[in-house]
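Subject: Handover of the two-chain model

Dear colleague,

I am passing on the structure we spoke about, together with some notes on what came out of going through it. Please open it beside this message as you read.

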Amino acid sequence: MVNLREQVESDLAITLEGDFKLPVILISPDGETQDKSANDPTADLVGHVLYDTLIQNPDTGAEMVVHKPVVTLRRSSLSRIPQSGEKWVVKIPTTPSYSAAKETFFLERPLEDGGAIGFIRLYLMRAIQEP
Amino acid sequence: MVMEFETIRDALITMLGNAEAGQYRTIGYQRQGDSAVENLDFLRSVRVFYREGEFPKSGASTHDDVLHHMSFQLELTVAKAVEADLTVIDNPSATPAQLTAAIAASSMAEYLADRSMDELWRLVFLTIMDARNIDLDLPDNVGTRWLARFQKGEPDPRGQYVYLTAFALFTCQAYEQVSGETGTAGGIFDNVIDLDGDDVEKTGVLVDNP
């Protein structure tokens, strides 16, 4: 019999990697690309991807719509866990479609480490071509 | 009839807008056209707000034009993304060594935002403090124009960009002509609604439309 935390972790296969899944590609600071799940090397690395939100500028009070991609992944599906302060590349679909072309983001902000129940949440920064 | 501070506010916006050259956007500026170069680094913007006025009382001002020491707040905003060599990072055949080098060489968005703000402040300062703009193109109307203060905020990772806001204080003085304000009377519609079958015909409304 598994304990409750183990049960929650196994449920991530449904809540994060179930019907709402989208493919994600990670590139670690040492150039290793991960696009397959560590739990099942024949399956794509997938997770939850949210795109944009409405926020308020605390300096001016003005409302702004900003693209704010947030990716939530199951930690056990990762072959290496990103750490805060590391520069990772994260590629997600441009639209919420499994087959959509991917665009490139950087992991530059501190991540949310939900290690207690087995997920990790990544806040992404847009990357553009350097001049 | 507008007051001088409104004219000066619009003159500031026009002056900054004329000097943009595609390097930032002035909020409220009536641009004459749009071109690709105007979208370069389009996430930089400048806003102008009338912030504060002082009206020192004097014997002359009580029955003549009123001296107005005015302050305007300039709000400068930049937003930056990470800059990296995407030709390598997005190349499926790039080797781990090439990817490592490209990732390590990427420029942090906070650093880029800070440098971009410095550049934007330079553009604004050099435009407003240019000796040719000493009267804001309002001859004999503006005195002692000055950029008195600049303060930069903290880079703020917000969404997929890093935002950075800064404030500058612009001061000047002018004489306000007090011409009086007569106001505008609101229209009054006195309508009687004639309803079929309403023998009494006393269904009426009085609408005050200011």
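This is a predicted model: local features need pLDDT of at least 70, side-chain atom pairs count only at pLDDT 80 or more; totals for chains, interfaces and linings use all residues.

For chain A the average pLDDT is 86, and 87% of the residues reach a score of at least 70. Within that chain, confidence is lowest in strand β8 (residues 112–114) of chain A, where the mean is 73, and highest in strand β1 (residues 22–23) of chain A, where it is 96.

Chain A

The chain has 131 residues, of which 25% are buried. Among its contacts between residues at least 6 apart in sequence, 51% link residues that are at least 24 apart.

Chain B

Chain B has four helices and nine strands, which follow one another along the sequence as α-β-β-β-β-α-α-α-β-β-β-β-β. Of its 210 residues, 24% count as buried, and among the contacts in chain B between residues at least 6 apart in sequence, 60% join residues at least 24 apart.

Several of the strand pairings in this chain involve β7(B). Strand β3 (residues 66–80) of chain B runs antiparallel to β7(B) and is joined to it by 15 bridges, with H68(B) having A174(B) as its bridge partner. Strand β5 (residues 143–152) of chain B is also antiparallel to β7(B), through seven bridges, and here K152(B) stands opposite A166(B).

The contact between the chains

The contact draws on 25 residues from chain B and 26 residues from chain A. On the side of chain B that touches chain A, the elements that give two or more residues are β4 (82–84), α2 (86–89), α3 (96–104), β6 (156–158) and β7 (161–176) of chain B. Of these, α3(B) provides the largest share, with five residues. By residue type, that side of chain B divides into 13 nonpolar, seven polar and five charged residues.

Strand pairing also crosses from one chain to the other: strand β9 (residues 119–129) of chain A and β4(B) run parallel and are joined by three bridges, and in β4(B) the bridge partner of I128(A) is E83(B).

In soluble globular proteins, nonpolar side chains tend to be buried together. The largest nonpolar core in this model has 59 residues, and V24(A) and V90(A) are the ones with the most contacts inside it. The largest share of this core, nine residues, comes from β7(B), the strand that also gives two or more residues to the side of chain B that touches chain A.

With best regards

Note on methods. Residues are numbered from 1 along each chain as its sequence is written. Chains are lettered from A and ligands numbered from 1 in the order in which they are written. Two residues are in contact if their C-beta atoms, placed from the backbone, lie within 7 Å. Ala, Val, Leu, Ile, Met, Phe, Trp, Tyr, Cys and Pro count as nonpolar, Asp, Glu, Lys and Arg as charged, and the others, Gly among them, as polar. Two strands pair if DSSP finds at least two bridges between them. A residue is buried if 20 or more other C-beta atoms lie within 10 Å of its own, exposed if 12 or fewer, and partly exposed in between; C-beta atoms are placed from the backbone. A nonpolar core is a set of buried Ala, Val, Leu, Ile, Met, Phe, Trp, Tyr and Cys residues joined through C-beta atoms within 7 Å. pLDDT is the predictor's confidence in each residue, from 0 to 100.
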